[in-house]
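Q: Please take a close look at one part of this model, the protein surface that faces one of the DNA strands. A connected account of the contacts there would be welcome.

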Protein chains: 2
Amino acid sequence: MADRPRASRAGHNPSLADVAALAGVSRGTVSNVLNHPGIVAPSTLERVQNAIATLGYVRNDAARALAAGKSKSIGFVSTNIENSLFVDMIHGAQSGSRDANMTILIGNSADDLAQQNAYLDLFDEARVAGVLLAPMEDPTDGIKRMRSHGRQLVLLNYRPHDHDCCVVLVDNEQVGYLAARHLIDRGCTRLVYLASHENWQPVHYRRLGVRRAVAESGGTVTLQEVDKEQLDFANGAEYAAQFLLEPTATRADGVVAVTDELANGFMDGVVRGGLSVPRDVAIVGCENNRAAPRGPVSLTTVEMNGEAMGLAATSLLIEEISVPADEHEHRVVMLEPVLVPRASTFGTYLGADSSP
Amino acid sequence: MADRPRASRAGHNPSLADVAALAGVSRGTVSNVLNHPGIVAPSTLERVQNAIATLGYVRNDAARALAAGKSKSIGFVSTNIENSLFVDMIHGAQSGSRDANMTILIGNSADDLAQQNAYLDLFDEARVAGVLLAPMEDPTDGIKRMRSHGRQLVLLNYRPHDHDCCVVLVDNEQVGYLAARHLIDRGCTRLVYLASHENWQPVHYRRLGVRRAVAESGGTVTLQEVDKEQLDFANGAEYAAQFLLEPTATRADGVVAVTDELANGFMDGVVRGGLSVPRDVAIVGCENNRAAPRGPVSLTTVEMNGEAMGLAATSLLIEEISVPADEHEHRVVMLEPVLVPRASTFGTYLGADSSP
DNA sequence: CTGAAAGCGCTTACAG
DNA sequence: CTGAAAGCGCTTACAG
């Protein structure tokens, strides 16, 4: 009695051996009640479970992972959890992993490549079952490193140059197309694509889509491409100031902004400057971020369906994990974006949100 | 040569023993170059590092943690990463842990008590160095379980009934006080406290603060308390609809909403209903969420300083970890909130943001 | 400064 | 259905 293990002593948790001793069985049997309760005799089961309860035993996952040679965790390295698109992806990943009885561990790289690599290494060392990566530019090194260690990795929202992993994408060309096409359908003839230099893939592909929509118009619609330094609210407002100085007759009547933040900054600026949205200028954002509908005029935008991306990526990963490496073939899943019409293209602030 | 370990074979990463063999040293020495490079001879160091590089060796953290008996990870179980307040806390925790050379692993409980407990258990099994918990109501069971296993845990933004752990709080009574006091200073005499039933601690404490500010007025200010079901945008808009029906002469001229979302929903509703903010009714939110300034009128609110909370909590945790249990005394850190004045109490949408 | 050996706490065939 | 034994990949005193 004197040396019965004490559950409450910090740094010294009861071990499986303690449970075995108390229950009067072998360690293998305790392991079996933990992992294959079906194959142990009911009376033994009960005895062991009682021992577990009275000792407050908690399995040591490091030992489990080491002995079993596999982990039940999936690491999700996300660019920036401040962006609701990534939060949606995380939600999707969480629900996708729940069924497979796995857990999502989140590493927030906060738009910092060094932190992204640090989390990748951490998950590598932790020998997680697999890694979900919604990366920064350019993740190539990190991806190569993971794959060369035989670690499974699925990429989200990034189109790699060489396809040595599964990828889940939204068709960003289509995102740009839908946004521009919607403005044209609403009667806009002088469009602006408000974006930044091409160091971010979606900027590039959405641009192509905008151009395609304009090209389809057969010359009746013009396109001006404006590139700011950043894609945030302040840069949108900055462009608004410039926009307000342009002659009314010739300035754009429709703006596709490559992010919702940029769109809302622009909208905020022009509304403060006395313009009416969408009468004077219609605005479409991209990504349908949580904050998108909260501007002075509710923002029309294009839904990326982050939750579906997270779910799809998790399915691909779990499938890849559960199949021998040589039977797996990498796949690219391309999801379709959806236009979400709101007041910034369909009426005034005080009017209805989404009816013409 | 034939059986040199292959770095690229999935599921079979090179081990420390492989490195030792290739470098012609013992495993203990490899371990030393990994953990105490200072005590190994330069020539040996180089030889081992080369072996590590050519093999693409990655340390198995499960084995490391098991042998060393400690982890370099801190688990952060957060209520809901959709709320920017918690994202701020995570940022604070990340910067606080970086100096200590530890890593934050995030578990998003998504407002679900079962998931919160699942992550707590996961981190318990992982024997993380410590746990940061920004909890739901009521986390008592989970906390008890952690502590009974000797696991260090620091609570954020929640005031436990019995202080068996360190806690970091913002003075929520003061949050309510600042909000109401500000409205009174601006000349409001008929206040509403827009909140919900008391199942969430901040609702309770902020209410006390609002009452204190009203009481200080010595009877010149009245207070009506309105309790909705939820604290989101829709419930705010719902109250706006009701508000618009009240007689102009007697309805409130100042509203303290217990969350920014609720405040913005209310604001959206009354502005759509034709009222002017703050002329007809001034509004203050709480928490200074990322979306707070994005309403039709930029929202005055009270800053919780989530980043400072995360930082403080991490410091407390790291201190607790590094000290023998019997030398540690649990502490409560109470941070002061700060009023952030914006247009919803200080002018009109088209006017300046924060000048009277 | 380095090596040999024990041990961390589990799981997994393998007998029986 | 259960036990004995080996082993997962590290770290940590301890000698030398």
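How many Å separate a backbone N or O atom of A41(A) from a phosphate oxygen of DNA strand D?

A: The distance between a backbone N or O atom of A41(A) and a phosphate oxygen of DNA strand D is 3.0 Å. The model is predicted, so that local features need pLDDT of at least 70 and side-chain atom pairs count only at pLDDT 80 or more, while totals for chains, interfaces and linings use all residues. Residues are numbered from 1 along each chain as its sequence is written, chains are lettered from A and ligands numbered from 1 in the order in which they are written, and side-chain values use heavy atoms, with hydrogens and water left out.

A polar atom in the side chain of S31(B) is 2.6 Å from a phosphate oxygen of DNA strand D. A base is also reached: a base nitrogen of DNA strand D lies 3.5 Å from a backbone N or O atom of A63(B).

Of the atoms of DNA strand D within 4 Å of the protein, 70% belong to sugar and phosphate.

Both chains build this surface. Helix 2 and helix 4 of chain A and helix 2 and helix 4 of chain B each supply at least two residues; helices are DSSP runs (H or I, at least four residues) numbered from the N terminus. In both chains, helix 2 spans 27-35 and helix 4 spans 61-68. Helix 4 of chain B gives the largest share, five residues. By class, the surface near DNA strand D has 13 nonpolar, eight polar and four charged residues. Here Ala, Val, Leu, Ile, Met, Phe, Trp, Tyr, Cys and Pro count as nonpolar, Asp, Glu, Lys and Arg as charged, and the others, Gly among them, as polar.

The surface near DNA strand C may be set beside it. There, helix 4 of chain A gives the most, with five residues. A backbone N or O atom of A41(B) lies 3.1 Å from a phosphate oxygen of DNA strand C, and the side chain of T29(B) places an N or O atom 2.9 Å from a phosphate oxygen of DNA strand C. For Y57(A), the distance from a polar side-chain atom to a phosphate oxygen of DNA strand C is 2.8 Å.

Key:
Polar contact = N/O pair within 3.5 Å; in protein donor to acceptor, adjacent residues only side chain to side chain. Near = heavy atom within 4 Å.
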